[in-house]
Amino acid sequence: MIDDPAEETGVVAFDFDGTLTTRDSFTTFLKWRAGSARYAQGMRRLAPAAAGYLFHRNRGRLKAAAAREFLKGVPRERLEADARAFAETFAPRLLRPDALRTWRRWRERRATLVIVTASPDLIVQPFARGLGADLLIGTRLAFDDQDRVTGAFDSRNCRGPEKVTRLQAQFGPDLRLRAAYGDTSGDREMLKIAEETGYRVFRESP
């Protein structure tokens with residue numbers, strides 16, 4: 001981890017689900033918002049999409065199917081309010097204590113702290129605000145002309161090479177990624193360009 005107390009500079013990127021948190025935040029949010037009965041019904045209806053994933057292995061398509069099933073037609077303002085309520089309720093249950101300690105140590109070194117996640121940025125935004133993140137990069141939900149969720153995404157799924165693409169779009173091709181933390185193959189490319197890497201280093205539960 002971090003041993004030298006000297007001040008640091010540069011960008012430090014954290015994956016969110018499974019890295020800063022103990023489990024996937026988007027599915028947890030959908031289940032919380034829908035309620036047990038509606039969530040179970042929705043999951044049954046998503047069975048064909050889940051079966052299709054076994055062949056195409058496209059996580060973005062599966063995630064978009066879940067967004068259509070559970071969020072299509074929801075106004076942005078309502079979804080933002082629900083995301084805030086979810087974060088207020090679940091942050092103490094989801095965020096890993098050891099990950100938070102590392103986050104704070106980098107904050108003390110004045111690093112630019114970025115959350116880079118495949119989850120919808122609107123859902124993760126309240127957590128990012130609470131952590132004092134300098135930037136949140138995530139998958140963007142699409143909204144129609146009445147500002148309601150369409151059930152599609154307005155960006156590529158922020159996973160794998162897309163994480164590096166989005167980081168470089170923000171910080172330039174000569175980005176200095178001082179450190180990166182992740183827990184799945186979807187973080188591999190981001191970890192590869194970091195000077196210091198942390199793969200599955202956070203294990204504590206709240």
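Visitor: How many residues of the lining of the largest pocket are nonpolar, how many polar and how many charged?

Guide: The lining divides into 13 nonpolar, six polar and nine charged residues. Here Ala, Val, Leu, Ile, Met, Phe, Trp, Tyr, Cys and Pro count as nonpolar, Asp, Glu, Lys and Arg as charged, and the others, Gly among them, as polar. Please note that this is a predicted model, in which local features need pLDDT of at least 70 and side-chain atom pairs count only at pLDDT 80 or more, while totals for chains, interfaces and linings use all residues. Residues are numbered from 1 along each chain as its sequence is written, and side-chain values use heavy atoms, with hydrogens and water left out.

Visitor: How much space lies in the largest pocket, and which residues lie nearest its centre?

Guide: Rolling a probe the size of a water molecule over the atoms shows where empty space is left. On a 1 Å grid over the protein atoms alone, a pocket is an open set of points where a 1.4 Å probe fits, with protein on both sides within 12 Å along at least five of seven lines, and lining residues have an atom within 4 Å of a point. The volume is the space filled by probe spheres set on the points, which are joined across faces, edges and corners. In this structure, the largest pocket holds about 620 Å³. Its lining has 28 residues, and Asp24, Thr27, Arg59, Leu62 and Lys63 lie nearest the centre. Two or more lining residues come from each of H2 (25-34), H3 (36-45), H4 (47-56), H5 (59-71) and strand E2 (112-120). These are DSSP runs numbered from the N terminus: helices (H or I) of at least four residues and strands (E) of at least two. H5 provides the largest share, five residues.

Visitor: What lines the second largest pocket?

Guide: Among its lining residues are Arg76, Glu80, Arg84, Asp121, Gln125, Arg140 and Phe143. Helix H6 (76-94), helix H8 (121-131) and strand E4 (141-143) each give two or more residues to this lining, and H8 gives the most, with five. The second largest pocket has about 190 Å³ of space, and its lining has five nonpolar, one polar and six charged residues.

Visitor: At what angle do H6 and H8 pack?

Guide: Axes are lines fitted to C-alpha atoms, for helices over the stretch in contact, and angles between N-to-C directions run from 0 to 180 degrees. Angles under 35 degrees count as roughly parallel, over 145 as roughly antiparallel, 65 to 115 as roughly perpendicular and the rest as oblique. H6 and H8 pack at about 50°, their axes 8 Å apart, and are therefore oblique to each other. Their contact (heavy atoms within 4.5 Å) includes Leu79, Phe86 and Phe90 of H6 and Ile123 and Phe127 of H8. By class, this contact of H6 with H8 has 11 nonpolar, no polar and four charged residues.
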